[in-house]
Structure formats: structure tokens, C-alpha cells
Amino acid sequence: MKKLIIRVLTILFISNIGFSQTKNFIDQPYVETSAKVDTLVTPDRIFLTILITEKDTKGKISVEELENNMAEKLKLLGIDLEKQLFLSDLSSNFKKYFLRQQDVLKSKAFSLLVYDAMTAGKIIMELENINISNVLLEKTEYSKIENLKLELKSKAIKKAKLNAISMTSPLNQKIGNAIFISDLGNISNQLQGRVSGLQIRGMSSLNETKFKPIDIEFEKIKVESEVIVKFKLE
């Protein structure tokens, strides 16, 4: 019985300490501010979906022959087939699209990774020349986005501190240490979808003898970070 009483008193004592600390935190004079920072970066990982189908040639050229022609063309453009070309399972929107079109001819889909818009433009043009015209933008990424997010968090914290200083200076008060920090997370619009964000300019007509260079622009990736910080008032 005596041990039970001691245990209960110990629990109450610890609870009172926790309540007191919470109360002290709430009772402290503080200033709360939020800050958001963002930046735009050019994507350096561009995924193109290439669909090879006999329908494009009305069944005159087999999928296997089109695939070989594509491989040779990509090699000439400096593409490492083992590292940059992947076979797709057609589980994306393309499967639904071709089911709607009732396409009964053979088809095969690939995902191709390139690192800049100029290369993507050359690939689209060259594949068009060998009867492969179903090339669509799958997604874009920025390879160093995680490091960028950390950098933006630091900038957001610094901006929040400057906000707090500007709010307290007219009151002749100073801010102390941060007593609360809430990371509201990062937002990124890394592109995922079909043709959204892909613009092709300068492609000449198929009837012309020479093709003008393709000028492709990809939508830049916007990354932003937001924090809420409470600084003690001194």
C-alpha cells in the first residue's frame, strides 16, 4: 500500500512538471511569424514515352523492325540504351488511349531518359523521320531537388527571423531564441502527365526538303518551402 501511494505521488509530480513547462511556454512573450521562399529550376531529367505501333505504317513495317530502327537512331544521337531506355508495361494513359482507338495491331512502349531539352527535340525529329511519331512527355525531374529543399528551408527560417525583427523594431523590443518551429513542408510541381509543359517550336512541314531545328521548352520546376517560427521576446 505504501509503495502504491509513493508511485501515485511520483506520477502526479511528473505530471505537474510537464504542465508547468507547458504553461511556462505559453506564458512567455513571443512573436510568431511565417515565411515562404520559392525558386524555379530547369529540369535535368526528362522522361519521354515512345510508342511503337504497326498502325503508324498501316502494318507495312513490323514492330520489331521499327524497334531496331529506333535503337540505331538513338545510338547515333549518343543515347546509352542500357542506361536511358526502358521497356514500359503500357499501364499508363497510353493503354487506355489505344483501347479506345480499338488498335488491334502490335505495339510496344518505351520510356526514354534524356538530360536536356535540345536532345529531346533532336530525338522527336529523328524518330519522326523513321515513322515513329508517338513521342510524348512522361515527366520531368530535377536531380538535386532534395538538396534544394533543404536550402530553401534554411532561407525560409532566415526570412522568418527578418520578419520578426521588422515587427518588433518599432516597439523597441528584441527577439530572442526561437522557441517553436513548424515546417509546413515543400511543394514541387515536378511535371507528371502527357503533353502538358511541352512546347515544340520551329518544326518545318513534312513536305519541305529540310527540317528546321526543333526548339523545345519545358516548364520550369517550381519548388517552395514554408515555415512558422515563434521567437521569444526579450
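1. Ser 182 stands opposite Ile 228, a residue of strand 9. Strand 6 (residues 175–188) runs antiparallel to strand 9, and the two share 9 bridges. Two strands count as paired if DSSP finds at least two bridges between them; strands (E, at least two residues) and helices (H or I, at least four) are DSSP runs, numbered from the N terminus.

2. The model is predicted: local features need pLDDT of at least 70, side-chain atom pairs count only at pLDDT 80 or more, and totals for chains, interfaces and linings use all residues. Residues are numbered from 1 along each chain as its sequence is written, and side-chain values use heavy atoms, without hydrogens and water.

3. Strand 1 (residues 30–41) pairs with strand 9 (residues 221–233) in the antiparallel sense, over 12 bridges. Here Glu 32 lies opposite Lys 230 of strand 9.

4. These pairings belong to an open sheet of 3 strands in the order 1-9-6, with antiparallel pairing. Strands 1 and 6 form the edges and each has a single partner strand, so one side of each lacks a neighbour in the sheet. From one strand to the next, the twist averages 20°.

5. Helix 6 (residues 145–168) packs on the sheet and touches strand 1, strand 6 and strand 9, contact meaning heavy atoms within 4.5 Å. The direction of helix 6 makes about 140° with that of strand 1; axes are lines fitted to C-alpha atoms, for helices over the stretch in contact, and angles run from 0 to 180 degrees between N-to-C directions.
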